[in-house]
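The sequence and structure are shown first.

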Amino acid sequence: QVQLVESGGDLVQAGGSLRLSCAASGSIFSINVMGWYRQAPGNQRELVAAITSGGSTNYADSVKGRFTISRDNAKNTIYLQMNSLKPEDTAVYYCNYRSKLYTNWGQGTQVTVSS
């Protein structure tokens, strides 16, 4: 299996920034997709951003222009730089790993944006 260790969640004021990290370890395939999902109370879990092993990215419309996903393949780590945070961004953020054979989730990290 693949283990995902997340860090970076915090309480910040609107307009502030956070940087989330997710380090993957275990049986990692060279071809994979990693990303960040979030789930607010009462809402479905939604894709925030994803990045392929080749570097292609995809963003939810609500975060495009404010969030940036990146990856360091040598370290098997992805990052989510979150700028201009809004109260609507408040949610538990989950790291996700997908390959041909496996899908794995991190434990989730709480991001709270106060007004």
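## Strands, turns and surface

In this predicted model, tyrosine 102 belongs to the loop that runs between strand 9 (91-98) and strand 10 (103-105).

An open sheet is formed by four strands in the order 1-3-8-7, with antiparallel pairing. Its edges are strand 1 (2-7) and strand 7 (67-72), each of which pairs on one side only. From one strand to the next, the twist averages 15°. Strands of a sheet pair through backbone hydrogen bonds, in either a parallel or an antiparallel arrangement.

Strand 8 (residues 77-82) is joined to strand 3 (residues 18-26) by six bridges, and the two run antiparallel. Across this pairing, serine 21 has tyrosine 79 of strand 8 as its bridge partner, and leucine 20 stands opposite leucine 80. Strand 8 is also joined to strand 7 by six bridges, again in the antiparallel sense. Here leucine 80 of strand 8 stands opposite isoleucine 69. Five of the six residues of strand 8 are buried, so this strand is largely enclosed by the rest of the structure.

**Strands 4, 5 and 6**

Strand 4 (residues 33-39) and strand 5 (residues 46-52) run antiparallel and are joined by six bridges. Within this pair, valine 33 stands opposite threonine 52 of strand 5. Strand 5 pairs in turn with strand 6 (residues 57-59), in the antiparallel sense and over three bridges. In that pairing, alanine 49 stands opposite tyrosine 59 of strand 6.

**Hairpins and positive phi values**

| Hairpin | Residues between the strands | Residue and phi |
|---|---|---|
| Strand 4 and strand 5 | six residues | glycine 42, near 80° |
| Strand 5 and strand 6 | four residues | glycine 55, near 100° |
| Strand 7 and strand 8 | four residues | asparagine 76, about 50° |

Most residues other than glycine have a negative phi. Asparagine 76, with phi near 50°, has a positive value although it is not a glycine. Asparagine 76 sits in the loop between strand 7 and strand 8 and, at 30% relative accessibility, counts as partly exposed. Serine 84 likewise has a positive phi, of about 50°, without being a glycine. The loop between strand 8 and strand 9 holds serine 84, which is partly exposed at 42% relative accessibility.

Threonine 109 is part of strand 11 (residues 109-114). Its relative accessible area is 12%, and threonine 109 is therefore buried, since the buried class comprises values under 20%. A polar atom of the threonine 109 side chain lies 3.3 Å from the backbone nitrogen of glycine 9.

Technical notes:
Residues are numbered from 1 along each chain as its sequence is written. This is a predicted model: local features need pLDDT of at least 70, side-chain atom pairs count only at pLDDT 80 or more; totals for chains, interfaces and linings use all residues. Side-chain values use heavy atoms; hydrogens and water are left out. Two strands pair if DSSP finds at least two bridges between them. Axes are lines fitted to C-alpha atoms, for helices over the stretch in contact, and angles run from 0 to 180 degrees between N-to-C directions. Buried means under 20% relative accessible area, exposed over 50%, partly exposed in between (1.4 Å probe, protein chains only). A polar contact is a pair of N or O atoms within 3.5 Å; within protein, one must be able to donate a hydrogen and the other to accept it, and residues adjacent in sequence count only if both atoms are side-chain atoms.
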